[in-house]
Amino acid sequence: MFRVALWACAIGMLVAGPGCKRDNATRIAVIPKGTTHEFWKSVEEGAKKAGKDLGVEIIWKGPLKEDEKNQQIGVVEQFVSEGVSGICLAPLDDTALLAPVQAAAAKKIPVVIYDSALNGEVGKDFVSYVATNNKLGGEMAGKELARILGDNKKVVLLRYKEGSASTMEREAGFMEVMKKTPGVSVIEQNRYAGATMGEAQTASMNMIDKLREAGGIFCPNESSTNGMLLALRQNGLAGKVKFVGFDASQPLLEGLRAGEIDALVAQDPSGMGYKAVETMVKHLRGEKVPAAIDTGCKLITR
């Protein structure tokens with residue numbers, strides 16, 4: 001019996017290290033901005049695939065809507081309290097989420113920021129930033145809209161939400177192109193869509209006179225593009241005004257095929273979720289990881 005026990009312990013040490021005990025499973029919390037958009041469902045799919053491929057446990061949890069900043073802060077704090085191995089976070093607000101991320105770092109829980117930037121210091125507050133080059137995406141949208149505009153060069157920008165770094169960068173990239181394009185006049189740029197498709201539709205309806213006047217429209221994310229599309233349909237404007245949006249959910253692709261949307265800037269949400277987890281696992285295993293990883297974007301037209 002004693003020899004058998006010693007043999008078993010020796011085998012266990014080879015597999016799990018000293019003490020004849022296996023290490024606790026690596027548990028990585030992946031926190032999205034919200035859980036309703038198709039974009040986040042694709043991120044979840046990619047994150048869980050990475051977890052399966054790399055042999056780690058993925059815990060997916062986030063607020064329902066993308067305006068529940070305090071709830072997201074609470075989720076981060078919960079995972080810090082539970083002592084997870086690492087956190088992958090898409091911050092709803094580039095400033096408000098810094099303190100909980102710093103609290104995680106103080107507890108030696110590394111954080112990978114993905115999708116949307118955080119006003120912190122990479123290498124100190126968080127490990128890496130994994131995301132679309134959002135400014136480039138906005139520039140791509142702006143160049144395409146400028147290319148397809150007809151004689152009517154009046155443009156409307158429906159912004160997404162204050163504090164959302166990813167969409168603010170897209171809007172900034174778009175506006176830079178508009179300012180450089182001869183003859184273009186941005187007749188509306190200070191309206192915000194809000195966190196949901198319904199809010200975006202309402203915001204679009206509230207500026208319907210500007211939309212009737214416009215020759216081109218840009219929206220910087222899935223819900224704002226969807227809400228704008230519904231408002232254009234409701235007012236008989238779909239397909240009559242040049243429209244460039246962001247993200248490639250099924251309803252938006254259907255709008256593209258139908259000629260109601262002229263172009264979409266598509267991200268790689270599944271790849272983003274995968275790379276965020278992969279980056280965290282590499283860090284936990286002692287590998288050096290890049291400070292920033294561009295997950296890419298492409299312009300989709302009919």
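1. The model contains an open sheet of six strands in the order 2-1-3-4-5-11, with parallel pairing. Strands (E, at least two residues) and helices (H or I, at least four) are DSSP runs numbered from the N terminus, and two strands pair if DSSP finds at least two bridges between them. Strand 2 (57-60) and strand 11 (292-294) are at the edges with a single partner strand each, so one side of each has no neighbour in the sheet. From one strand to the next the twist averages 20 degrees.

2. This is a predicted model, in which local features need pLDDT of at least 70 and side-chain atom pairs count only at pLDDT 80 or more, while totals for chains, interfaces and linings use all residues. Residues are numbered from 1 along each chain as its sequence is written, and side-chain values use heavy atoms, with hydrogens and water left out.

3. Strand 1 (residues 27-31) pairs with strand 3 (residues 86-89) in the parallel sense over four bridges. Opposite alanine 29 stands isoleucine 87 in strand 3.

4. Helix 3 (residues 69-82) lies across strand 1, strand 2 and strand 3 and runs at about 175 degrees to strand 1. Angles run from 0 to 180 degrees between N-to-C directions, with axes fitted as lines to C-alpha atoms, for helices over the stretch in contact; contact means heavy atoms within 4.5 Å.

5. Helix 9 (residues 222-234) packs on helix 10 (residues 250-257) at an angle of about 45 degrees, with the axes 10 Å apart. The contact involves Glu222, Thr225, Asn226, Leu229 and Arg233 of helix 9, and Pro251, Leu252 and Gly255 of helix 10.
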